[in-house]
Amino acid sequence: MIGAGVSGCSLAAALRRLGWGGSLTLLEIGRGPGGRSATRRSRRDPALAINHGAPLFNITASPEPQLLEPLRRGGWLQPFAGASHSLDANGQLGPLGADPFCSGQLWQGQPQMDDLCRGLLSLAAASGGWDDIPLQRAAALLEDPQLNRAAAALAAIDSSPGCQLLLTLPEATAQRWRLQPWRLLTFTGAAQQRWGLRRVSQQPQRDGRWAVVAESSADFASRHRQVYGSRSSAAQLLGAPADLEAEQQVMAALERALQAALGLTTTGAERQLMRWGAAFPHPPGLDPALALCQASRIGFCGDTIAGPGFGRVEGALRSAEALATRLLPQL
Ligand SMILES: Cc1cc2nc3c(=O)[nH]c(=O)nc-3n(C[C@H](O)[C@H](O)[C@H](O)COP(=O)(O)OP(=O)(O)OC[C@H]3O[C@@H](n4cnc5c(N)ncnc54)[C@H](O)[C@@H]3O)c2cc1C
């Protein structure tokens with residue numbers, strides 16, 4: 001299996017749940033499990049843990065994915081308890097309206113978002129591994145028309161980038177942030193246009209520090225698509241050149257927007273930039289009929305599979321469960 005994001009980890013867990021006792025290999029190119037639901041950690045600063053992708057997830061369809069119950073039992077999930085508000089273009093707080101990421105039941109990894117994937121891996125009791133990724137070579141050799149169609153359809157899925165400013169605030173600065181009546185703030189469309197921000201989350205750290213994650217609007221992220229964070233996987237693992245000056249400019253622009261929108265200072269904050277090249281897939285996504293290529297014995301799951309929860313953690317969980325059910329008779 002390739003990719004230790006929510007869907008890859010869910011597939012491993014779902015196969016175990018369905019009784020598969022054989023060996024499973026999960027290949028991941030990033031630094032740990034989580035994918036777009038990962039948590040930024042630092043060897044130099046072990047107390048720091050910032051959810052720099054999804055800060056929470058929601059379940060909107062029923063029945064809920066079956067993996068949620070063992071995850072809750074194992075203590076890997078907690079209800080998202082932070083208050084959520086919206087911010088309009090006049091800087092006024094209001095109730096959260098219809099928001100695709102905040103309707104239904106709201107959950108969070110316990111204590112951090114990457115614990116969702118850690119929990120799924122513990123259900124799978126999977127062992128990790130680093131190896132050559134054989135898919136592209138295999139696809140060229142297999143000559144399976146369904147696999148070729150699925151690969152072409154996946155390659156054609158467009159997605160919007162995402163750009164996040166991660167701030168760790170010193171205590172003196174954090175005081176006013178702590179007093180805000182929200183932990184998750186979603187910007188209305190007009191507010192996104194005005195400030196170039198989509199959402200802000202406040203994330204208390206276990207050593208008392210306070211982290212703030214500002215997600216840019218889709219438009220801002222598209223305009224700065226080429227700017228990688230110098231600590232990103234793109235820069236560190238794939239060798240993409242990091243332009244430190246451009247990175248500073250993007251961080252400064254997001255920080256100014258944050259201060260202007262909220263009227264709060266960020267004095268003394270430590271900053272990092274996280275750029276997601278493909279954060280949010282555009283519908284309609286991959287037809288589930290192409291998700292399992294019987295002849296080549298290759299399957300796909302992820303939030304890019306069309307269906308309930310598309311583009312969200314819910315879709316990653318559901319598509320993995322569906323694939324596990326279809327794969328099992330073939331194993
Ligand atoms: C900024 C941001 C905010 C979000 N907010 C929310 C939210 O509030 N609620 C919500 O429900 N969803 C949210 N999402 C979406 C959510 O994060 C995704 O829907 C979900 O994490 C997708 O999981 P996945 O397993 O399908 O894909 P991914 O998380 O992308 O996992 C794919 C994994 O495969 C690995 N991989 C890729 N190629 C290879 C390769 N060749 N070899 C080895 N490994 C490889 C990647 O490193 C990654 O770990 C957000 C996403 C972003 C970026």
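**Close-up 1. Helix 1 and helix 3 cross in a left-handed manner.** Left-handed means that the near helix is turned anticlockwise from the far one by less than a right angle, and right-handed that it is turned clockwise. This is a predicted model, in which local features need pLDDT of at least 70, side-chain atom pairs count only at pLDDT 80 or more, and totals for chains, interfaces and linings use all residues. Residues are numbered from 1 along each chain as its sequence is written, and side-chain values use heavy atoms, leaving out hydrogens and water. The axes of helix 1 and helix 3 (residues 114-124) come within 8 Å and cross at roughly 25 degrees (axes are lines fitted to C-alpha atoms, for helices over the stretch in contact, with angles from 0 to 180 degrees between N-to-C directions). Helix 1 is therefore roughly parallel to helix 3, a label for angles under 35 degrees.

**Close-up 2. Here is where helix 1 touches helix 3.** Val6, Cys9, Ser10, Ala12, Ala13 and Arg16 of helix 1 meet Leu116, Cys117, Leu120, Leu121, Leu123 and Ala124 of helix 3 (contact: heavy atoms within 4.5 Å).

**Close-up 3. Helix 1 passes helix 11 in a right-handed crossing.** The axes of helix 1 (residues 6-17) and helix 11 (residues 313-327) come within 8 Å, crossing at roughly 40 degrees.

**Close-up 4. Three strands form an open sheet in the order 4-8-5, with antiparallel pairing.** Strands pair if DSSP finds at least two bridges between them; helices (H or I, at least four residues) and strands (E, at least two) are DSSP runs, numbered from the N terminus. Three bridges join strand 5 to strand 8 (residues 105-109), and Gln78 stands opposite Gln108 in strand 8.

Key
Angles under 35 degrees count as roughly parallel, over 145 as roughly antiparallel, 65 to 115 as roughly perpendicular and the rest as oblique.
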